[in-house]
Amino acid sequence: MATVGASTATNQVEQAVCVHSSSGRDTQQTCVLSWESLNADMLELIAERVLSSDLLHYVWFRAVCKKWRAATPCPLGHGVVDPRFHPRQWMMFPEGNGLHPGHAALGGYIRFLNIDTGIFIRVHLPCFEDHSVLDCPDCLLLLQRKKDAAICLLHPFTGDVAEFPPLASLCLYMSKFGSFLHGPYDLRRLRMVHAAVSVHVGGSVTIMLALSHAERMAYASTGDKHWTHTSWMMCGMRTALPFRGSLYMVRSSKNKPSHIMRVDPPDSSSSSSWPSTPPQMIATCSAMPKPYLVECDSELLLVGYTHRKSRLLVFRLSDLLLGVVAMPLTSIGDHTLFIGTWSMSVNSRNSVTFLSPPNNGQLQQYDLGRGTWSPLCDGNFRSACGPMPRPYSLVHHIVSCCQRLYWISGHIWTRHHHSDPCCPRLLQ
């Protein structure tokens, strides 16, 4: 794998030849231009584009020279409150072999994978000794402290933290419905949450939670004393998708078009009405009985089978919002979509994989351009003989990210019905 270093750019010097007239004769003068002499406006423009690509590239960019470092904002101290520094292209890598976050064999380190470039980095995060991870919106780790269920949002690369109130008040409310928590802090059920992060003017941070088992939502902002829950219920939260601070869901009904719903985070003018304001229907889709939402290349896509499962379709949500007949996509560029409880896009070929293996247990990938199916990887994901045998390919780890109970437990995902992904240590 190719690596990029800043030292080459630091020592590199460009030479330009400047021609001017002197005493009627043309003479040549060599001007040595260093990287430090880059125009300030140009430097700012390049920094913005690099940062929009990837946070790690931005760190390398600032390491070129002292002037570049001084002229560009530092992520440290602003990793959570400045959305530009959210590491959206990264995911916490599931190790497999039972090596869950906080396992003694990992020595406090966690690996992260860039789903666009394939680069791995290893980060020391000892917080997992007394915290459990619930979700990772924008690759910010949503953590719950084990002793009192206090919630925080951690930037894994800068160490910045935003703190939120404990879940005690929310757990007490949800326990009334008998479908959420059996004990004070039943982590196995609480992990079935989807979170969205939004940052407001002034630096306050809001977390919205889609509680799939309770079919409700809740939110809290930094500085709040308790969580605020909705008075309404809605199915479809099991596959809720965060996008630009909002949560998007699909509400499907038999023999009816699917409804695409959106819930926006509250602001200063809507905080009092937010609990009673139902989700907004923004689009309908009749081509697929049960579509899934996935983010790909900074836009939302709808993916699903036709009514007889004879074909797989992909639509842009932006096309459906126009209210015209949308054409299915035949290309999503160099991306592969993994569709599951948590759907994701990785840099690969123009294909789609549904995490619902057929009877033979082998995952299949659908080539959008050719309209054909082919095996994705080795292994029987429906094997009744136990967990997936080793060695694991990168695909096995990626599909485990789409099943959060496996992603946080250190196990590789399988449809084997006797396997228990929950690690006892995490439930302490």
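Tutor: Let's start with aspartate 319, which is partly exposed because its relative accessible area is 22%, and the buried class is kept for values under 20%. Keep in mind that this is a predicted model. The partner of aspartate 319 is arginine 316, and the closest N and O atoms of this salt bridge are 4.0 Å apart. Arginine 316 is partly exposed too, at 29% relative accessibility.

In total, the structure holds seven salt bridges. Another of them joins glutamate 95 to arginine 111, with 2.9 Å from N to O. Glutamate 95 sits in the loop between strand 3 and strand 4 (109-114), while arginine 111 is in strand 4 itself, so this contact ties together parts that are 16 residues apart in sequence. What about burial? Glutamate 95 counts as buried, since its relative accessibility is 16%, under the 20% cut-off, whereas arginine 111 is partly exposed at 30%.

Then there's the salt bridge between aspartate 138 and arginine 88, where the closest N and O atoms are 3.8 Å apart. Aspartate 138 belongs to the loop between strand 6 (131-135) and strand 7 (141-145), and arginine 88 to the loop between helix 4 (66-71) and strand 3, so here the parts tied together are 50 residues apart in sequence. Both ends are partly exposed: aspartate 138 has 26% relative accessibility, and arginine 88 has 41%.

That pair leads us to the largest pocket, whose volume is about 1200 Å³. Its lining has 46 residues, and Arg88 and Asp138 are among the closest to its centre, along with Gln89, Ile115 and Glu295. Split by class, the lining comes to 25 nonpolar, 10 polar and 11 charged residues. Strand 10 gives the most, with six residues, and the elements that supply at least two residues each include strand 3 (90-92), strand 18 (292-296) and helix 2.

Helix 2 (residues 40-53) is also where isoleucine 46 is found. That residue is partly exposed at 31%, and together with Met42 and Leu45 it forms a nonpolar surface patch with about 230 Å² of accessible area.

One last stop is the second largest pocket, at about 840 Å³. Arg238, Lys290, Tyr292, Gly340 and Thr341 are the closest to its centre, out of 30 lining residues. Here the lining has 14 nonpolar, 10 polar and six charged residues.

Notes
Residues are numbered from 1 along each chain as its sequence is written. This is a predicted model: local features need pLDDT of at least 70, side-chain atom pairs count only at pLDDT 80 or more; totals for chains, interfaces and linings use all residues. Side-chain values use heavy atoms; hydrogens and water are left out. Patches are made of residues with over 30% relative accessible area and no salt bridge: like charges are joined within 9 Å, nonpolar side chains (Val, Leu, Ile, Met, Phe, Trp, Tyr) within 5 Å. Accessible areas come from the Shrake-Rupley method with a 1.4 Å probe; for residues, only the protein chains shown count as cover. A salt bridge is a side-chain nitrogen of Lys or Arg within 4 Å of a carboxyl oxygen of Asp or Glu. Helices (H or I, at least four residues) and strands (E, at least two) are DSSP runs, numbered from the N terminus. Buried means under 20% relative accessible area, exposed over 50%, partly exposed in between (1.4 Å probe, protein chains only). On a 1 Å grid over the protein atoms alone, a cavity is a set of points where a 1.4 Å probe fits but cannot get out, and a pocket is an open set with protein on both sides within 12 Å along at least five of seven lines; lining residues have an atom within 4 Å of a point. Grid points are joined across faces, edges and corners, and a volume is the space filled by probe spheres set on the points. Ala, Val, Leu, Ile, Met, Phe, Trp, Tyr, Cys and Pro count as nonpolar, Asp, Glu, Lys and Arg as charged, and the others, Gly among them, as polar.
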